[in-house]
Amino acid sequence: MRQGFFRRNATMVIVLGLIAVLGVIGWITMGQQPFVRTALSGLTIGALYFMVASGLTLIFGLMDVLNFAHGTMFMLGAYLGWQFYTNPTFLFGLFPLVLALLAGLVTSPILRGAFMHLKVSEKAQKTIQTAVALTGIAVIVLAVRGLDILGLAKTAMVATMTMGNPLAEASAQEPLALFWFRPVLMFIAGLLLATASARPGDQTQVVYASDKRRAWIITGSLLVLTVIATVFRESAPNAVLLWNGNLRFFAALVVGALCGAGLGAAVEVSLIRPLYIRPLYQVIVTLGLAYVLRETIQVLWDPLAYQMTRPPMFSQPGKAENILAWFSGQNLTVDVLGVTFPSYRLFIIVLGVLMVIALGLLMNYSRLGMIIRAGVQDRTMVEALGINVRRVFTIVFMLGAGLAALGGIGAAPFIPVQPNMGDAFQLQAFIVVVIGGMGSYSGAAIGALLLGLARAFGDYLALKYSLSPAIAEASTVIIMAIVLLVRPAGLFGKKE
Amino acid sequence: MDNILEINGIHTYIGQFHILEGVSVTVRRNAITVMLGRNGAGKTTTLKSILGLTPPREGTVTYNGKEIQGRRAYDIASLGIGYVPEHRAIFRNLSVMENLKIAERKKGDLESKSEFIFGLFPDLKRLYRLPGNHLSGGQQQMLAVARALVADNQLLLIDEPSEGLAPILIEQMMEAIRILSAATTVLLVEQNFVMASKLAEHYYILDDGRTVHEGKMADLVEDKELIHQFLGTALHKGGRS
Ligand SMILES: Nc1ncnc2c1ncn2[C@@H]1O[C@H](COP(=O)(O)OP(=O)(O)O)[C@@H](O)[C@H]1O
Ligand SMILES: [Mg+2]
């Protein structure tokens, strides 16, 4: 049995062994301090690579979708998490609108049942669909026109000047008397879009009673939530801003990840799902989506780079003597084996490790993970067992987008928050996925570790021998080339 | 209802190719029905059309009195149809246990069925924790059949279970199918004529995407000419093994 273990995990053992050997050589030749410092930076980058790459690899492995909008999810996570941390007005103001739109959209099965028996010619059906969909989009534009939470670049500037006052950035909101028509319009827009997607007059459709019943329940609950969100739209942001900064930060991590996951689900259902029969179009759609989202962010926040402040527990002046001392001092830096290292970056490493473990548990010990692993190999057979693979696709897309967004908000306190912040991570994540093997989350973990370390040690060497910093960037591609020569399917690639 | 499944004149396309051009098969409840035919006749495609993996564009598939063509595959399978694909398509990166566990449609399925499954295929018990790719060909085929037994299925679609098996394993597989058919209706695809003739009561012969003959197995065994016309090679292959 033990032998079996080594045989099965030979690649893992060899790669980790190789890293260990290189590590010992590095420690001896570089000296302890530079080595530890470089290794820790490598782990920090690797942790972020993992959060982007793990979703990418699962999405590709299971669904054959190359998601070029994955870096955008990283970026969005950073923006939305940062907003929650400093100016939640934006999110809380938008929330009722999103809920109202959703409430309208989910009525699709009900409307399908109602409209499919209309007598219209096939040609008219197409025209009706397009007209209704366009009207829906026009109504959305009407609904958000002049929404006053959108002056975000301005408020962000104000905030940097009035530090210390937690409510400084909270922007004013319209009174309810003015605001109420927006969610109503959004709900109508949702209904219109749902009507378009229900294909009125198309009698070939099947409507199940259970779907309709579920649609009623979901619409109802979403409408109730819309009302609640509308009422608390003004008081909630201020309450959040008066929370303890650390609590707010951890909530921001969760909110950023959830926003990413929600957006991922919306993207999968609306854009990716209709295109499973046209895989090439999916790639183009994700590219286009990345572009549109980035432009939207630029419109909202202007093409500027922002710096998110670190939460208090990582920003008290001074240096903690060791990790334990940091727990009481909550200092900006910590002494690790003689190296002064920012405590926040250690937190990112911890977060990355936790994510590796959580994903490992999910993939190996849950039914969902089992289905994903099976689906990566043969999704037709999974479907033939009676499992709704499409729903699993949506969940995986959600999970992947959520992880990328979590990476983004995690990175926000130490890299500039700007519209193209995800691009470099997406590129590296693609390399990680190729190295690790498409569809393998453990491959993504090892690949991210390798690339993170290569990046950091490449930078170190480039600096030391005054070479061009491009060396560090090239090193990741060189590793990819070597791995592909030895193992064309990647280190843990199983897909045939 | 005597017939659990009625396939009526289905036409199935794969991409541009018109693969099935009118297949009609009726499966009687609590019996084994076999589909025979040369390689490429369309037997596998017929099974996939039943399941909605390659949905038919024309014709009807009626299961327990309800038309099911056009429904999504997972939905059709959930009605109680188990599928054993050709070429022992098990999940090679999952353990034997996971290969069975994933087929559960409700909690406890595997637990309640494991005794029956291990009774049919005692090897699987010993191999329970091993990954699928550590199994021999015969063991993988047994796992593929066992996987279809985990959920409460009323109808099993079994595609060439004897393919590539050693004679002694074919015997064991035959015995297993005989036992499981006591509780479940089976639609079998089989090139091994000896095996097919011993197991099945009714046969259908497919050729070039069409049903060309049907009847009682007992009559077919007598009709050497018909066998030769449509199954020539298959008979010899089956006869020798
Ligand atoms: N994916 C595919 N693309 C094109 N042709 C296919 C595909 N799958 C099967 N066929 C063709 O469909 C016909 C029937 O195949 P199949 O149902 O597998 O036959 P059988 O199982 O009877 O051997 C064959 O001629 C085969 O070449
Ligand atoms: Mg076949």
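Contact here means heavy atoms within 4.5 Å. The model is predicted: local features need pLDDT of at least 70, side-chain atom pairs count only at pLDDT 80 or more, and totals for chains, interfaces and linings use all residues. Side-chain values use heavy atoms, with hydrogens and water left out; residues are numbered from 1 along each chain as its sequence is written, and chains are lettered from A and ligands numbered from 1 in the order in which they are written.

1. Glu190(B). This residue sits in the loop between β8 (185-189) and α8 (193-199) of chain B. Glu190(B) is buried, at a relative accessible area of 1%. Buried means under 20% relative accessible area, exposed over 50%, and partly exposed in between (1.4 Å probe, protein chains only). Not counting residues up to four places away in sequence, Glu190(B) touches Val34(B), Met35(B), Leu36(B), Glu160(B), Pro161(B), Ser162(B), Met195(B) and Ala196(B). With Ser162(B) there is a side-chain polar contact of 2.7 Å. A polar contact is a pair of N or O atoms within 3.5 Å; within protein, one must be able to donate a hydrogen and the other to accept it, and residues adjacent in sequence count only if both atoms are side-chain atoms.

2. Chain B overall. The secondary structure comes to 10 helices and 10 strands. These are DSSP runs, numbered from the N terminus: helices are H or I with at least four residues, strands E with at least two. For 241 residues, a compact globule would have a radius of gyration near 18 Å; chain B has 17 Å, which agrees. That radius is taken over C-alpha atoms, and the globule rule is 2.2 Å times the number of residues to the power 0.38. The C-alpha trace spans about 45 × 40 × 35 Å along its principal axes.

3. Burial and contacts in chain B. Of the 241 residues, 55% are buried. Take the contacts between residues at least 6 apart in sequence: 70% of them join residues at least 24 apart. The accessible surface is about 10,400 Å², and carbon and sulfur atoms hold 48% of that. Accessible areas come from the Shrake-Rupley method with a 1.4 Å probe; for residues, only the protein chains shown count as cover.

4. Ligand 1. What holds its oxygen atoms on the backbone side? A backbone N or O atom of Lys43(B) lies 2.8 Å from a ligand oxygen, and one of Ala41(B) lies 3.2 Å from a ligand oxygen. The side chain of Thr45(B) has an N or O atom 2.5 Å from an oxygen of ligand 1. The protein covers 59% of the 560 Å² of accessible area that ligand 1 has on its own.

5. The shell around ligand 1. Its residues include Ile14(B), Phe17(B), Arg38(B) and Gly42(B); near means a heavy atom within 4 Å. The shell divides into 4 nonpolar, 5 polar and 2 charged residues. α1(B) gives the most, with 3 residues.

6. Arg210(B). This residue lies in strand β10 (residues 210-216). Arg210(B) is partly exposed, at 39% relative accessible area. Its C-alpha is 9.2 Å from that of His11(B), across 199 residues of sequence.

7. Leu337(A) is in the loop between β2 (331-336) and β3 (339-342) of chain A. Arg88(B) is in the loop between β6 (81-84) and α3 (96-101) of chain B, and is partly exposed at 22% relative accessible area.

8. Residue classes used in point 5. Ala, Val, Leu, Ile, Met, Phe, Trp, Tyr, Cys and Pro count as nonpolar, Asp, Glu, Lys and Arg as charged, and the others, Gly among them, as polar.
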